[in-house]
Amino acid sequence: MTELTTKRPDTELAHLAWCIIVAVKLARKEGRSLTSLQTHMFIMQWLSTAQKRKVFPKSLAPDIIWLQGQGKLKGPSARLYSKGEYIWLASSGELASQSTLFRFTCMIDTLRSMGWQDHLLSDTEWQDGWKCGTDVSAVYTQKSRLHSSFTESGNLILPLEVRVTGVPDGIFPLLEQCGLKTEKLPVSMGYTVLILQPEIDSSSVKQDIVEYYWPENSGQ
């Protein structure tokens, strides 16, 4: 994992991310129909211009260079706009106010943008311990369990097992940034095993549990 995902973004980094998001939205508002490739090229050019004009403090130079490096190395798959959104959400406090499912999805999306693989496994694949390789950085979830563990509003009501291969160290700061409470279990079948825990103290979660299991009583 890189510097952007191993430290909590600060105010200056949040401002950079906010500027990237606004620049893209303004371009779209002006009538430009930006495809994924065009959005990528736009951000790369924007970063280059910001760097040349010294728009941001020197302290952000490594972050700008890192974003440019990711863009050059991975092209549109670097998902620079998504990176900007994540940095802004994490630093502004908006991420903490989102549902568990939103934060979990944000974590997965960030891992994917960093080159990780994401696999939704069938029940048979899950039971057989399917993996793409113990050395491959990847995260695995059981599709049926994923669907049954969350309510329609995105609250987690049942513990959710998540399996990880590769070097897992970088995932833990990301889990913290996304406000996801997890328990690490012993390595099993070549996986690092994490249990995503429900936020049992949330009144909204308790109401969702009632509506999930006893919808006829939700209005009482």
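Student: How many helices and strands does the protein have?

Tutor: The protein has 10 helices and 5 strands. Helices (H or I, at least four residues) and strands (E, at least two) are DSSP runs, numbered from the N terminus. This is a predicted model, where local features need pLDDT of at least 70, side-chain atom pairs count only at pLDDT 80 or more, and totals for chains, interfaces and linings use all residues. Residues are numbered from 1 along each chain as its sequence is written, and side-chain values use heavy atoms, with hydrogens and water left out.

Student: Why is C19 called buried?

Tutor: Check the cut-offs. Buried means under 20% relative accessible area, exposed over 50%, partly exposed in between (1.4 Å probe, protein chains only). C19 has 15% relative accessibility, so C19 counts as buried.

Student: What makes C132 partly exposed?

Tutor: C132 has 29% relative accessibility, so C132 counts as partly exposed.

Student: How many disulfides does the structure hold?

Tutor: The structure holds 0 disulfides. The test is a pair of cysteine sulfur atoms within 2.5 Å.

Student: How many aromatic pairs are there?

Tutor: There are 4 aromatic pairs. Rings of Phe, Tyr and Trp (its six-membered ring) pair if their centres lie within 6.5 Å; planes under 30 degrees apart count as stacked, over 60 as edge-to-face and the rest as tilted.

Student: Why is the pair of F104 and F150 called tilted?

Tutor: The ring centres of F104 and F150 are 6.4 Å apart, and the planes are at 35 degrees, so the pair is tilted.

Student: Which parts does the pair of F104 and F150 tie together?

Tutor: F104 is in helix α6 (residues 100–113), and F150 is in the loop between α8 (143–149) and β3 (160–165), so the pair ties together parts 46 residues apart in sequence. F104 is buried at 6% relative accessible area. F150 is buried at 6% too.

Student: What makes the pair of Y140 and Y191 edge-to-face?

Tutor: The ring centres of Y140 and Y191 are 5.4 Å apart, and their planes are at 75 degrees, so the pair is edge-to-face. Y140 is in strand β2 (residues 138–142) and Y191 in strand β5 (residues 191–196), 51 residues apart.

Student: How do you know whether Y140 is buried or exposed?

Tutor: Y140 has 0% relative accessibility, so Y140 counts as buried. Y191, at 1%, counts as buried as well.

Student: Which residues form one aromatic cluster?

Tutor: W130, Y140 and Y191 form one aromatic cluster.
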